[in-house]
Amino acid sequence: MSKYSLYTKMVIFGCALCIIPVLFLGFFSYIKSADSIQQQVNESNIQLMKQMNGNMEQILKTLDQSLNHVINSTLVQEALYRPITFYDFQLYNSLRKELSHLQSFDTKVTDILLVNTADQWVINNQGLYKLQEYPEQKTLLDFMSLPYNSNWVLLDNKGLGSSDTESYNCRQIITLIKKLPNLSSDKRGLAIANIPSCSLSPILSDNSGSREMMILDSDYRILIHPDHSMIGQSVLATQQIEPEDLDFFDNKVGQFKTAAGSGEFTVTYVQSDFNGWIYVSFTEIQQITKEAKAIGWFTFYVCLAIIAASVCFVWLGSRKMYTPIRGIIKAISERLPEMAVKKKDELQMINDHIEDLFQSNSNLKHELSQSLLQMRSLFLNKLYQGHLSRAELEDKMNLYGYSACAKEWDYMIVLTLQIDLWEQTRYEAKDLDLLLFAANNIVEEIVPPENRLAPVIVDQTQVTLIGSEINDLDLFNNYIYDMTESIQQKINTFLDLEVSIGTSLPFKLLSKAPRAYREGLEALKHRMKLGKGVIIPYSNINQGKHTLIYSYPRQIENELIDSIKLADEEKASELLREWLNEVFHRDRSPHEYQISLLRLLNDLLIVVQEAGIRLPQFVPEGRSLHHELLQLYVSAEIEAWFLSSVIRPLIQVFGDRRDSQYHNLSEQIIDMIHKDYDKDLTLEECASRLHYNAFYLSSVFKKETNMSFSDYLSMHRFHMAKEWLTGTDMPIKDIAQKLRYNNPQNFIRFFRKQTGMTPGQYRSQYGQAAKG
């Protein structure tokens, strides 16, 4: 082999290393530039559609909220339950003033209609009409059969708009229709807000030569388009999409390509969660492809220039780099056999020589070290778990050099160390073994080698046997306590971790190590009461005291279960913490604490069963909640486990059920009030009829109606009192008695507080107006 073979290879490899990637880059740019630009355009289109969706929904939500505020006002609610004639000018003027607030630049609204189908009147921009004389009576009555209480509808601008507004400049209007009253199933009228579709077109002003945007309804009709003549037509009329492509709009966000009569397009769409409108962008692919090809050719020519410069650089650089290698090869080639030199290149010769010097020695040291560590760890694990006979123990102690120092120790203890709440630190689960290894190293540094056996890790617990020549037991205990404090502080300082340490009773014979190991673990279990970051000598546990009376916080548990059923996570978290404080402030053994915890877990699982919830809904198969709970010994860790593993999954299930049940329950309670308002009706009686807890029904009714049960009952009775005063000659005393007032004076005081006049004055004023 020529002495210049490596040099030749370096030149060839260097050139190939430069030329091949550059050629591939040029080819890839030429072929894939269209896809890259298309992807950027697609991402830009999605962001643009989302932005346009947000801008449009800001206007629509402003209108929706403003209209809700108006229709829920006392003025509108009262008007819904009475006829209005031209004599009611003050009421009509107040209603027109209230409705005019909605017609602003922000909402784009030009026309507002308030319709009472029960009392047959209509109010719009131009005045008050009788419903039967209104030109679009049939259209308004058809609106009462719309599926939802609030509906967005595209209509031809005929009689619904007022001729004195700009609605008539646009052929179509987008109409928000709300059935009234909002919270009652007995609908008496409508509130209608009209927006000219043309006035929303400026939002689509970003249209360019290669991009066209529009907004569709759920039936794929064009709601908003820069070309006003296209509004109201099907999207198929644009000739940019085929009928079979409509199936692509089923998702919330997406893109697809289509080849229609007018060319190839990329269609980007975003579907609104607010009203189901579809925001669509059509981008012409041909224009993007032209730009991509130009970029690809430009990149290709640049790559050719880079290749030429790279070849020159590689040739000069390789020549300079090979000079020192040539000298090394000349120095060592005489020591290698001629055949070896012929079979190997220069770098391989150098590498073989260096490896031969160190390989044998390093391999042997590594193997011995690993074997010794593994055997010693296995020996100590067997020692602590009691799997060694006395003869085996003596042999292994001699083998690993522990016999000499163990014979000099007067007292020994076993130290057990566990990490507290590592989940709440910056570390992850995968770091636990490394953290225990680091704690192992800290123990090795603090405890002198002559006073310990090698620290080991057993079942995620760091275990160390410590001995001393101190023959005074009190001094030995003080020495151990000072050492454990030092270990705990160093781990907290260097690892930013809190650990707890348990120490066994002192012993003299090494054969007692298994019992001492169990004592250390038992001491650590008392973290349930003492908390995290503690040092627990086994000699201090219980101190001869035993708990004779076992108290369980049943009342707190019942409140906790009620809050879970109400899907109130904040209240449930507060009650769980109160329950744990009640349990752990008592002086009991760890086993008694675990009995209380298991009892709580079992009661929660009974709630799961009684509610008809399948356990696999929140407990994966193969997972044991009881086993997981028994592995926890820190109060904060137990609280976090109950919240994440049991309580929050239950709250999620009950919350989903609540959303579907609340409305039905509120409707039933309202129906009872309307039927039995003249009886001694109470929330407890309603709960008995519906077979629900009264506290639960009270929360449901409050959330659905924003009123308490008693407030709603009083409001309805007040409404009935006004009807009887104006529509009948029933004496005020009989009205008070019928509405369950024990004393008519109480009824009169209540009525005066609500209206500013007595019932007699109200009947005189409004009863005469009704007769007139």
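The stops below cover pockets, salt bridges and a surface patch in this predicted model.

**Stop 1: the largest pocket**

Select Gln77, Glu78, Tyr81, His719 and Lys722. Of the 49 residues that line the largest pocket, these lie nearest its centre. The space inside is about 2,000 Å³. Now colour the elements that give two or more residues to this lining: helix 2 (74–79), helix 3 (89–100), helix 18 (635–676), helix 21 (709–727), helix 23 (744–755) and helix 24 (759–771).

Which helix gives the most to the lining of the largest pocket? Helix 21 does, with 11 residues. Colour the lining by class next.

**Stop 2**

Move to Gln418, Gln460, Gln631, Leu632 and Glu637. They are the closest to the centre of the second largest pocket, out of 27 lining residues. About 680 Å³ of space lies here. Strand 12 (411–420), helix 10 (432–446), helix 12 (513–524) and helix 18 each give two or more residues to the lining. Helix 18 gives the most, with 5 residues. By class, this lining holds 15 nonpolar, 6 polar and 6 charged residues.

**Stop 2: salt bridges**

Side chains of opposite charge can pair when their charged atoms come close. How many salt bridges does a search of the whole structure find? It finds 23 salt bridges. Visit some of them now.

Select arginine 221 and aspartate 217. They form a salt bridge, and their closest N and O atoms are 3.1 Å apart. Are the two partners buried or exposed? Arginine 221 is partly exposed, because its relative accessible area is 29%. Aspartate 217 has 8% relative accessibility, so it counts as buried.

Next, select arginine 554 and aspartate 603. Here the closest N and O atoms of the salt bridge are 3.4 Å apart. Arginine 554 sits in helix 14 and aspartate 603 in helix 16 (residues 590–610), so this pair ties together parts that are 49 residues apart in sequence. Arginine 554 is partly exposed at 33%. Aspartate 603 counts as buried at 15%.

Now pick aspartate 678 and lysine 738. Their side chains meet in a salt bridge of 4.0 Å, N to O. Aspartate 678 is in the loop between helix 18 and helix 19 (683–690), while lysine 738 is in helix 22 (residues 732–738), so the pair ties together parts that are 60 residues apart in sequence. Aspartate 678 counts as partly exposed at 22% relative accessibility. Lysine 738 also counts as partly exposed, at 34%.

Finally, show Asp676, Lys679, Glu685 and Arg689 together. A network of salt bridges links these four residues.

**Stop 3: a residue in helix 14**

Select glutamate 559. Its place is in helix 14 (residues 554–565). Glutamate 559 counts as partly exposed, because its relative accessibility is 34%.

**Stop 4: a nonpolar surface patch**

Zoom in on phenylalanine 298, which lies in helix 5 (residues 285–332). Why does phenylalanine 298 count as exposed? Its relative accessibility is 59%, and exposed means over 50%.

Terms used. Residues numbered from 1 in each chain as written. Predicted model: local features only at pLDDT ≥ 70, side-chain atom pairs only at ≥ 80, totals over all residues. Heavy atoms only, no water. Helix = DSSP H or I, 4+ residues; strand = E, 2+ residues; numbered from the N terminus. Buried < 20%, exposed > 50% of the residue type's maximum accessible area, 1.4 Å probe, protein only. 1 Å grid on protein atoms, 1.4 Å probe; cavity = no way out; pocket = protein on both sides within 12 Å on 5 of 7 lines; lining within 4 Å. Points joined across faces, edges and corners; volume = space filled by probe spheres on them. Nonpolar A, V, L, I, M, F, W, Y, C, P; charged D, E, K, R; others polar.
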